[in-house]
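Open your viewer and get ready to select residues by number. This tour goes stop by stop.

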Amino acid sequence: MSSKVTIHEVARLSGVSIKTVSRVLNREPNVKTDTRTRVQEAVAALNYRPNISARSLAGSKAYLIGVFFDNPSPAYVTDVQLGAIARCREEGYHLIVEPLDSEGDVAAQVEPMLRTLRMDGVILTPPVCDNVAVLDVLEAEGVPYVRLSPDQDLERSAHVRMDDVRAAYEMTAHLIGLGHTDIGFIKGHPEHGASHLRYEGYVTAMKEHGRPVREDHVEQGWFSFRSGFEAAERLLDRPDRPTAIFASNDDMALGVMAVANRLRLEVPQTLSVAGFDDTPGAKVVWPQLTTVRQPIQAMAAAAADLLLTGVTRTEGEAPPSRLLDFELVVRESTGPVG
């Protein structure tokens, strides 16, 4: 029955015009509180579900928000989707998730999507969020966008981020506090802004606590399990191996733990391991992984909220932005030097 209910019936039950019902459904301003309440009560009583295609044809909105990503971590992408979907559903919007190849012609990938799908806004995740070609296309097409964890040109657009430098600093300080002097570090994808920020936090903490930053104890990773595994092989297959390894994300940290297991190095008795993000894998591995809890879902929800509430600004005004808190989650994978 609910599929047969029309906007005319909602208008009749609430005693207002069809146009007023439409304004309430579209969450437009300047509707009296009592009128809005009557319409919402009629919608609930009739179990009315507006047709999104009809809504988009009736106005300038398509009720679609896009997420563009190029990220090897499935857990990260999933959390972004869950956070953005939750906020979009509250406003009757749908989410479209599109992968991009940052090494290819991104303009050629983005332009057809924007013209075909008529998205009302786009959320950009790392490293896409710092891809100038993508930003140029969105601006040329007049599509609002919000960037998650950008590293460059923060004044260019609205963005949501956390303090990656401080988070990495605190994790490194935690390991130093356990007595570790030789702390290895695995960098993230070199095109991700967060990779550089996390490395900066590690270096700063080491220097401020009088610990040497050894180049042979720093390896390049790509935010994937495989890259963490290979970096750990290089770090651990040596007589002067580090007593602790801090990987720039959990996927790489899990790769470190796999190598430690293969080499029969007990975690944390012989080797302490720390990660970043607090993905589901951090809690199912044993010992459970010490990591930085990045509020990915909350960040994605905040980005969607900025798009839904408007990201416009007057000339000379800083773009809207939000800085979310992180949490150091200490579990069993880190311990005192053995």
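Each stop below names what to select and then says what is there. Keep in mind that this is a predicted model.

**Stop 1: the cysteines**

How many disulfides does the count come to? It comes to 0 disulfides. Cys88 is buried, at 1% relative accessibility. Cys129 is buried as well, with a relative accessible area of 0%.

**Stop 2**

Move on to the aromatic rings. The structure holds 6 aromatic pairs. Select Tyr63 and Tyr93. Their ring centres are 5.1 Å apart and their planes stand at 55°, so this pair is tilted. Where do the two residues lie? Tyr63 is in the loop between α4 (52–58) and β1 (64–69), while Tyr93 is in the loop between α5 (74–90) and β2 (94–99). The pair therefore ties together parts that are 30 residues apart in sequence. Tyr63 and Tyr93 are both buried.

**Stop 2: a stacked ring pair**

Next, select Phe185 and Tyr202. Is this pair stacked or tilted? The planes are at 20° and the centres 4.5 Å apart, so the pair is stacked. Phe185 sits in strand β6 (residues 183–187), and Tyr202 sits in helix α9 (residues 193–208). The pair thus ties together parts that are 17 residues apart in sequence. Both residues are buried. Ring pairs link Phe185, Tyr199, Tyr202 and Phe246 into a cluster.

**Stop 3: charges over rings**

Select Arg198 and Phe276. The charged end of Arg198 sits over the ring of Phe276, 3.7 Å from the ring's centre. Then select Arg226 and Phe229. Arg226 lies over the face of Phe229, at 5.1 Å from the ring centre.

**Stop 4: two packed helices**

Show α8 and α9 as cartoons. Helix α8 (residues 164–177) packs against α9 at an angle of about 40°, and their axes are 7 Å apart. That angle makes α8 oblique to α9. Which hand does the crossing of α8 and α9 have, left or right? The crossing is right-handed.

**Stop 5: cis peptide bonds**

Zoom in on the backbone. From Pro126 to Pro127 the peptide bond is cis, with omega near 0°. Pro127 lies in the loop between β3 (121–124) and α7 (132–141). Now jump to Val267 and Pro268. The peptide bond joining them is also cis, with omega near 5°. Pro268 is in the loop between α11 (250–262) and β9 (272–274).

**Stop 6: positive phi values**

Two residues remain on the tour. Select Phe223, in the loop between β7 (218–220) and α10 (225–236). Its phi is near 70°, a positive value in a residue other than glycine. Phe223 counts as buried, at 5% relative accessibility. Finish at Arg264, in the loop between α11 and β9. Phi of Arg264 is near 60°, again positive in a residue other than glycine. Is Arg264 buried or exposed? At 76% relative accessibility, Arg264 counts as exposed.

Terms used. Residues are numbered from 1 along each chain as its sequence is written. This is a predicted model: local features need pLDDT of at least 70, side-chain atom pairs count only at pLDDT 80 or more; totals for chains, interfaces and linings use all residues. Side-chain values use heavy atoms; hydrogens and water are left out. A disulfide is a pair of cysteine sulfur atoms within 2.5 Å. Buried means under 20% relative accessible area, exposed over 50%, partly exposed in between (1.4 Å probe, protein chains only). Rings of Phe, Tyr and Trp (its six-membered ring) pair if their centres lie within 6.5 Å; planes under 30 degrees apart count as stacked, over 60 as edge-to-face and the rest as tilted. Helices (H or I, at least four residues) and strands (E, at least two) are DSSP runs, numbered from the N terminus. A charge sits over a ring if NZ of Lys or CZ of Arg is within 6 Å of the ring centre and within 35 degrees of the ring normal. Axes are lines fitted to C-alpha atoms, for helices over the stretch in contact, and angles run from 0 to 180 degrees between N-to-C directions. Angles under 35 degrees count as roughly parallel, over 145 as roughly antiparallel, 65 to 115 as roughly perpendicular and the rest as oblique. A crossing is left-handed if the near helix is turned anticlockwise from the far one by less than a right angle, and right-handed if clockwise.
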